[in-house]
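Hi,

Here's the structure I said I'd pass on. Have a look at it first, then read my notes below.

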Amino acid sequence: MDSSDPAPSGEPDDRPTVPVQRSDQDAYLRVTDLRVRFDTEDGVVRAVDGVSFAVERGRTLGIVGESGSGKSVTSLAILGLHDAKRTTITGEISVGGRQLVGLADEEVRRLRGRDMAMIFQDPLSALHPYYTVGRQIAEAYRVHHPEASRREARQRTVDMLDRVGIPQPARRFDQYPHEFSGGMRQRAMIAMALVNDPALLIADEPTTALDVTVQAQILDLLADLQAEFHSAIILITHDLGVVGQVADEVLVMYGGRAVERGSVEQVLRTPQHPYTWGLLSSVPSLHGDADADLLPIRGNPPSLINLPPGCAFHPRCRYADRPGDRSRTEVPELRPAGPTGEAGSAGHLVACHLTAEERATLYAEDIASVGVAR
Amino acid sequence: MTDQPLLRVRGLTKHFPVRQGLRSTGLVQAVDGLDFDVQPGETLGLVGESGCGKTTTGRMLVRLLEPTAGSIEFAGRDITHAGRRELRPLRQDLQIIFQDPYASLNPRHTVGRIVAMPLQVNGIKPPGGIKARVQELLELVGLNPEHYNRYPHEFSGGQRQRIGIARALALRPKLIVADEPVSALDVSIQAQVVNLLRDLQRDLGLAFVFIAHDLAVVRHFCQRVAVMYLGRIVEIGDRADIYERPQHPYTRALLSAIPDVTRLGPGGRIRLSGDVPTPLDPPSGCRFRTRCWKAQDICATQEPALVPRDGGNQATACHFPEAVGASLLAEGAPAGDAAGAIVEEVSP
Amino acid sequence: MSLSPVEGVALAEIESSADAGGPAVKGVVGRSPGQLAWLRLRRDRTAMVSGVLLIFFMVLGLAAPLIEMVYGIGPREQFQNLLDGFGMPLGYAGGVTGEHWFGLEPGLGRDIFIRLIYGLRTSLFIAFAAALITATIGVVLGALAGYLGGWLDAVINWITDLTLAMPFLIIALALTPTITLRFYGERGQVSSAFGVGVLIGVFAIFGWTSTARLVRGQVIALREREFVEAAKASGAGLGHMLFRQLLPNIWAPILVSFSLAVPQFITSEAALSFIGVGLSDETPSFGRMIYRSLDFLQTDPAYVFFPGITIFALVFAFNLFGDALRDALDPKSSR
């Protein structure tokens, strides 16, 4: 990824080919060339294949992808929650200046919960059914604050439950997960994740299992809490709408690789990768022509065991058959997206063989004309 | 054609008894008095959040569940309590597509057998043979007819959903109940299936009852939309009415809660507080009042009727409906007077 | 390249070509879940070894009359001339010779090898017959109870509980002699077919409960699945629901429970015959052989060794095979 590949035609060589964003320098979380492989019966799965990104405190990175894109594996690798026997991880994961890859399990465990925490998609399965919600949160606190007394831990938990908007927190402390509604459970999960004031919060599809009106509440809550605790958040989702609502930066993943990266305005307003175009134009919207057909991405998401050669997206890409196309043979590097000197494209990266000019023309002709993505 | 609706539902109700041991300790009022019609070839969307009773309604329409009260008329015949034999001739006209493409196909049957099942069960021998008909159906839904002998586990989620659609089409139905047909699929696959259903609907003149929680998908598929909340229809109308001139506060809240790619940053400004109350003990009067920012005393005592406004197709069950013409889309969200009264979700 | 209006066509093409590269790698013709299980079983060495052993035993049992012909000695032939004055077989290891491969019984002087072969035949016949009958009863009752629910479920559950509450051994002890007495009177010569029949009957009465419960649970879990509802929505009747939709999905646990029930019945038959309520001495059986051999444990250990080791190998192979079958059929191990 960091190779000094010749820049695509139309781009002078003085542009940095190594994707360095301003935030990369002082980011809280920095992931560089992360590769995660599993050995399975059917072969080696390259779940994540050379992904780099960085998140500052107080900022939110949205990782977008479909099933099998490697987005969840990335988060599990950061937290050290992968199955160590079957998994090989290379690359660098630096959290608050500490290098996590190669660190002993015990030390990663100590960081987990204190410096970084996770919110899962299904709070019911993430909470233990036989213990009260309060006890589970208090225990999570005391693991990292052994000096705290039971009373202090309880007080801290009640404060957190109150903070995430659970009414009557003192009474709710002694209730069991099944006595909470879906939205309340997710709030409790957030309280548990934040009880140790972590600097990095990873939310894996935190609202997928919730109703839209509750999803809106939870997303608001996450934004509020971020402003208050100044944490770095990674939000993993398949829903571009959710990303548009809360993220500052976006990373689009496909087949274990990053295909596009940039600020939320860049990626959603001037998307550069045909896959991102496809995602945007295939999502039904509340605006635009309701009678127009949606523009689906053809085919199916690839199997990570048997990734297509070259650009993993090429079998589904509308533009893969253009004359002189290299996408069947050559993996495209993640490069700066915009043509030279164009304002607003700094830090916008895309992994596509099409040139910036080609992309601009195709996008204007094919996608924007449909009037779905604006 | 419009003289007699294809499907006519009146006062449809389903209460599930909650038992502890042998004693009945309560009633889950899953669906409570629905009225709606579906014309031939029409698509009606049934939208709402979990627990609103939309799935239960769909199951009752195809008589997988027995209604507690009310009536269902299909093509002029009362099928509310019809037995299996009486339903037989109607089964061919009334089919269902399920949400979960994994659970809805028998893992031990080949695709051919799955799609042929409705034909065999009803003893139908199509001209040219069952296999030819099945392959024709597979082709119709965009699958390779050569895959007749494959098993479901060899297909992806989107392809499985196509198999389920082919099965539903096998008897050439007039009405299909589609229960969240795309919500279990990957984003890029959803659009394929929605487009397929739309093409089929147009080409075959099918009527649909399309059940979904996703208002955006419904907007792309349905001519009419009914919004449900806690077992009741709170608003029903043509697509343009519901999406551009919603009158019920819940419809407005639902619309504004949808994160939309075309609008960045925090979404609409209506934030409902809390979760949907339990259908075991729904609020008195208007069921939405506990989360409504407009609720007054009358809402707790008197249940609002689903009444048409201004003689149009749009009916709203609310004591204080939005004025007709107040467009939701004009400003992206209700501003000014409404915003002041909106219940703020997390108030420090 | 602008957007093609024939999107649906392009889509179908891509899907089929994607298939050619994806699932088709496994084989052009679709593989049924059963075929996949068979492939897994083939790869399992324990399963193959125990399976071959089982087939060997079954062939021995089936071919018993043939073996008798080749061997030249019948199960009831007595060789008193090869016993010493105390009735003990002459020679070493209980009289093992080229003529009598496993030696002779003390006392009566019957050939142990051919009795073992016939014992195997009896044992396997009883066990398979009992397992088949109990599986059938269990599947029918369990499927009906699970699928129809309501009062039928309650009644079948109640009968299951009642059956489980009956003490098997005591009733078998009390029942078998009573029935025999009723049919043959005080001094009648009990035919071996009758003894076998009674044993199978006793097993059938007591053995179906576990299968019924298993099937009932499986059916309840499947009943709410959408493919079952799809069949219902198409107007399928009870027969179609049970035998076309549900049963094919629970063959695996039924097969496993069947393969684990057979060795259970083999040991039960031996145990009952051992305590004298099963087969008479006339019918060759493991239980009777072991019972008789215990008197000669010290003087002729070879007598207990041969039937002991055979029944051990048989039951062990069955259990190993049953476990391997479970592993092969368990879909979780493949996903």
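Just after α6(B), G205(B) has a positive phi of about 65 degrees. Keep in mind that this is a predicted model.

Quite a few of its residues are buried, including V187(B), I189(B), V193(B), L196(B), L197(B) and Q201(B).

Now for where chain B meets chain A. The contact takes 41 residues from chain B and 46 residues from chain A. On the chain B side, α6, α7 (215-221), α8 (239-244) and α9 (249-257) each supply at least two residues. Which helix gives the most to that side? That's α6(B) again, with nine residues. By class, the chain B side splits into 19 nonpolar, 12 polar and 10 charged residues.

Over in chain C, take a look at a pair of helices. Two packed helices are described by the angle between their axes and the distance between the axes. Here α4 (residues 64-71) and α5 (residues 112-148) of chain C pack at about 170 degrees, with their axes 10 Å apart. Angles over 145 degrees count as roughly antiparallel, so that's what α4(C) and α5(C) are to each other. On α4(C), the contact is made by A64(C), I67(C), E68(C) and Y71(C), while α5(C) brings I114(C), I117(C), Y118(C) and R121(C). That makes six nonpolar, no polar and two charged residues in the contact of α4(C) with α5(C).

Cheers

Key
Residues are numbered from 1 along each chain as its sequence is written. Chains are lettered from A and ligands numbered from 1 in the order in which they are written. This is a predicted model: local features need pLDDT of at least 70, side-chain atom pairs count only at pLDDT 80 or more; totals for chains, interfaces and linings use all residues. Two residues are in contact if their C-beta atoms, placed from the backbone, lie within 7 Å. Helices (H or I, at least four residues) and strands (E, at least two) are DSSP runs, numbered from the N terminus. Ala, Val, Leu, Ile, Met, Phe, Trp, Tyr, Cys and Pro count as nonpolar, Asp, Glu, Lys and Arg as charged, and the others, Gly among them, as polar. A residue is buried if 20 or more other C-beta atoms lie within 10 Å of its own, exposed if 12 or fewer, and partly exposed in between; C-beta atoms are placed from the backbone. Axes are lines fitted to C-alpha atoms, for helices over the stretch in contact, and angles run from 0 to 180 degrees between N-to-C directions. Angles under 35 degrees count as roughly parallel, over 145 as roughly antiparallel, 65 to 115 as roughly perpendicular and the rest as oblique.
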